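Hi,

Here is the structure I said I would pass on. Have a look at it first, and my notes follow below.

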Amino acid sequence: MVRSDFTGTHPMRVLRTVQGLLNAGDITQPAADAAERWYRDYVFGYCDYKEFLQTAPKASITRHDAVSWQMMRGKAMARITAVRNALGLCAHQRLRMLLVDELSFRAMGAALFPALSASSAQRKIAAQCALLLEQLEAFEDAARKAAKQARAAHTADPLQNPSAPPTVV
């Protein structure tokens with residue numbers, strides 16, 4: 001806390017790359033929100049704990065038994081896997097370095113582009129991360145729309161939707 005490198009959010013996070021991209025105008029707020037959702041899914045899926053914001057309504061925080069907790073965890077892992085499959089393994093590694101490991105652009109550039117000068121590698125990785133976060137937001141938006149269409153098709157009248165299985169009364 002003494003370094004003042006933390007955001008004012010709860011839980012406290014290190015103020016680094018994503019906030020820097022947002023402050024510079026390189027990414028939009030929805031892209032930063034998508035990064036936060038990806039991070040929460042990653043931590044829940046791999047580390048088996050979930051952080052709730054202090055502003056979360058109490059009705060949305062429910063207790064789970066072991067089975068439902070693991071079902072939620074499996075859905076989080078499915079979202080992480082879907083992003084990795086859609087954007088590629090290189091994008092997944094950059095997201096991990098950016099959000100989970102909380103590396104700076106300089107450290108990421110040195111690791112990914114060791115032959116380049118530090119400033120060139122830093123600029124290159126910053127541009128790649130900005131593009132990646134915008135792609136992540138677009139992927140989540142497309143996935144949300146597809147899920148909404150699937151729900152609408154599932155709940156539609158069976159007479160109007162011939163591909164839906166018949167219901168037995």
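**Around Trp-38**

Setting aside neighbours within four places in sequence, Trp-38 is in contact with Ile-80, Val-83, His-92, Leu-95, Arg-96, Leu-99, Val-100, Leu-136 and Glu-140. Please keep in mind that this is a predicted model.

Where does Trp-38 sit? It lies in helix α2, which covers residues 29–47. Trp-38 has a relative accessibility of 1%, so it counts as buried, the cut-off for that being under 20%.

**How α2 meets α4**

How are the two helices arranged? The axes of α2 and α4 (residues 89–100) come within 10 Å and cross at roughly 90°. Angles of 65 to 115 degrees count as roughly perpendicular, so that is the label for α2 and α4.

**And Thr-17**

One more residue to look up: Thr-17, in helix α1 (residues 17–24). Is Thr-17 buried or exposed? Its relative accessible area is 6%, so Thr-17 is buried. Not counting residues up to four places away in sequence, Thr-17 touches Leu-98, Leu-103, Ser-104 and Phe-105.

Cheers

Key
Residues are numbered from 1 along each chain as its sequence is written. This is a predicted model: local features need pLDDT of at least 70, side-chain atom pairs count only at pLDDT 80 or more; totals for chains, interfaces and linings use all residues. Side-chain values use heavy atoms; hydrogens and water are left out. Helices (H or I, at least four residues) and strands (E, at least two) are DSSP runs, numbered from the N terminus. Buried means under 20% relative accessible area, exposed over 50%, partly exposed in between (1.4 Å probe, protein chains only). Contact means heavy atoms within 4.5 Å. Axes are lines fitted to C-alpha atoms, for helices over the stretch in contact, and angles run from 0 to 180 degrees between N-to-C directions. Angles under 35 degrees count as roughly parallel, over 145 as roughly antiparallel, 65 to 115 as roughly perpendicular and the rest as oblique.
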